[in-house]
Amino acid sequence: MNNIKINIINHPLIQHKLTFIRDEKTGTKEFRELLEEIAMLMAYEITREMPLEETEVQTPVGPCKCKVLSGKKIGVIPILRAGLGMVSGVVKLIPAAKVGHVGLYRDPETLKPVEYYCKLPTDVSERELVVIDPMLATGGSAAAAIELLKTKGARNIKLMCLVAAPEGVKVVNDAHPDVEIYTAAVDECLNDHGYIVPGLGDAGDRIFGTK
């Protein structure tokens, strides 16, 4: 699958922390903390093109022309439930961001996404939305979440995940070629159960300690 389009964030700190997240010996507390830290670092990378405008402030020494964000609005949309583990890291970096939620689960038989919840900021059409989910496996949930956002008026969407499978990237590329995907790693493939190999297991279970 050499024709997939994706942005891999190779920052050394992200790659270092990802190693410990993958480790099966990493406990729930450490997993949550690492996921939050990586989410913040990834948000730093994907917002580097945000527009700036000039302003002037008074320092203790004199006036200074500086740069500030030009007011572009950001929305953070975690896909429930695992996406919740990344929200705090992103919001710490961008405290003015509004947070919406999309609830999707993967049917264990068909591996297709099923929607059960959607609550979004009222002005999604005016915001750059960052959809977040630790794992981009089959791509079904991400593609469905993006489609749902588009039906609600969203026009500018990015997808941020921790680990992706080539199969999932291709599904999102094909369904939404206008959506940029950012990840810390693209792994080998999916297994017969739809899990990323080698991946890191079930992110939701590891975040919430449910297995």
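Trainee: What does the secondary structure of the protein chain come to?

Mentor: The chain has six helices and 13 strands. Keep in mind that this is a predicted model.

Trainee: How does the radius of gyration of the protein chain stand against that of a compact globule?

Mentor: For 211 residues a compact globule would have a radius of gyration near 17 Å, and the protein chain has 18 Å, which agrees. Along the principal axes, the C-alpha atoms fill a box of roughly 65 × 40 × 35 Å. Of the 211 residues, 46% are buried. Among contacts with a separation of 6 or more, 64% join residues 24 or more positions apart.

Trainee: At what angle do helix 1 and helix 2 pack?

Mentor: Angles over 145 degrees count as roughly antiparallel. Helix 1 (12–22) and helix 2 (residues 28–46) pack at about 155°, with their axes 10 Å apart. The two helices are therefore roughly antiparallel to each other, and their crossing is left-handed. Helix 1 contributes L13, I14, K17, L18, F20 and I21 to the contact, and helix 2 contributes F31, L34, L35, E37, I38, L41 and M42. By class, that contact has eleven nonpolar, no polar and two charged residues.

Trainee: Why do residues three or four places apart in an α-helix point the same way?

Mentor: An α-helix has 3.6 residues a turn, so residues at that spacing point the same way. In this structure, the helix 1 side of the contact with helix 2 includes L13, K17 and F20.

Trainee: Where is T26 found, and is T26 buried or exposed?

Mentor: T26 lies in the loop between helix 1 and helix 2. The cut-off for buried is under 20% relative accessible area. T26 has 15% relative accessibility and therefore counts as buried. Leaving out residues up to four places away in sequence, T26 touches F20, F31, L34 and R206. F20, F31 and L34 also take part in the contact of helix 1 with helix 2.

Trainee: How are helix 2 and helix 3 oriented to each other?

Mentor: Helix 2 and helix 3 (residues 84–93) pack at about 45°, with their axes 7 Å apart. They are therefore oblique to each other, and the crossing is right-handed. On helix 2 the contact is made by L35, E36, A39, M40, A43 and Y44, and on helix 3 by G85, M86, S88, G89, V90, K92 and L93. These residues divide into eight nonpolar, three polar and two charged.

Trainee: Which residues of helix 3 are buried, and what covers them?

Mentor: G85, M86, V87, G89 and V90 are buried. Their cover includes helix 2, strand 4 (73–80), strand 5 (98–99), strand 8 (127–132), strand 10 (156–164) and helix 6 (203–208).

Trainee: Is P95 buried or exposed?

Mentor: Exposed means over 50% relative accessible area. P95, in the loop between helix 3 and strand 5, has 64% and is therefore exposed. Its C-alpha atom is 9.7 Å from that of I74, 21 residues apart along the chain.

Trainee: How do helix 4 and helix 5 cross?

Mentor: The axes of helix 4 (residues 140–151) and helix 5 (residues 166–175) come within 8 Å and cross at roughly 25°. The pair is therefore roughly parallel, in a right-handed crossing. G140, A142, A143 and I146 of helix 4 meet V171, V172 and A175 of helix 5. This contact has six nonpolar residues, one polar and no charged.

Definitions and conventions. Residues are numbered from 1 along each chain as its sequence is written. This is a predicted model: local features need pLDDT of at least 70, side-chain atom pairs count only at pLDDT 80 or more; totals for chains, interfaces and linings use all residues. Side-chain values use heavy atoms; hydrogens and water are left out. Axes are lines fitted to C-alpha atoms, for helices over the stretch in contact, and angles run from 0 to 180 degrees between N-to-C directions. Helices (H or I, at least four residues) and strands (E, at least two) are DSSP runs, numbered from the N terminus. Angles under 35 degrees count as roughly parallel, over 145 as roughly antiparallel, 65 to 115 as roughly perpendicular and the rest as oblique. A crossing is left-handed if the near helix is turned anticlockwise from the far one by less than a right angle, and right-handed if clockwise. Contact means heavy atoms within 4.5 Å. Ala, Val, Leu, Ile, Met, Phe, Trp, Tyr, Cys and Pro count as nonpolar, Asp, Glu, Lys and Arg as charged, and the others, Gly among them, as polar. The radius of gyration is taken over C-alpha atoms; the globule rule is 2.2 Å times the number of residues to the power 0.38. Buried means under 20% relative accessible area, exposed over 50%, partly exposed in between (1.4 Å probe, protein chains only).
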